[in-house]
Amino acid sequence: MSSKRRIRRNQCGRKARHPSEAGAKVAIAKLRRAYGGAIGYLNAYKCPHCGAWHVGHARGGR
Ligand SMILES: [Zn+2]
């Protein structure tokens, strides 16, 4: 069922927390406006550690 077993603590930690996916997407929209295309692709994911939503970079590699 779950395919992502590798979870690192730096997925949480100092990252900003958002109470909902919608809140995280609002943050992504703000970052895009601030940085333009230079920031690359961002995604919102629900944190398995704290249960909040974080914004992360999704690149080709890890
Ligand atoms: Zn977290």
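What percentage of the residues of the protein count as buried?

## Overall architecture

In this predicted model, 8% of the 62 residues of the protein count as buried. The secondary structure comprises one helix and two strands, and these elements follow the pattern α-β-β when read along the sequence.

Contacts across the sequence also characterise the fold. Among contacts in the protein with a separation of 6 or more, 46% are accounted for by residues 24 or more positions apart.

## Helix H1

The helix, H1, covers residues 21-35. From its first C-alpha to its last, H1 reaches 21 Å over 15 residues. This span is close to the 21 Å expected at 1.5 Å a residue.

## Glutamate 21

Glutamate 21 lies in H1. Is this residue buried or exposed? Glutamate 21 is exposed, because 12 other C-beta atoms lie within 10 Å, and a residue counts as exposed at 12 or fewer.

Which residues does glutamate 21 touch, not counting those up to four places away in sequence? Under that condition, glutamate 21 touches Ala44 and Trp53. A further spatial relation involves histidine 54: glutamate 21 and histidine 54 are 33 residues apart in sequence, and their C-alpha to C-alpha distance is 8.5 Å.

Definitions and conventions. Residues numbered from 1 in each chain as written. Predicted model: local features only at pLDDT ≥ 70, side-chain atom pairs only at ≥ 80, totals over all residues. Helix = DSSP H or I, 4+ residues; strand = E, 2+ residues; numbered from the N terminus. Buried ≥ 20, exposed ≤ 12 C-beta atoms within 10 Å, placed from the backbone. Contact = placed C-beta atoms within 7 Å. Expected span 1.5 Å × (residues − 1).
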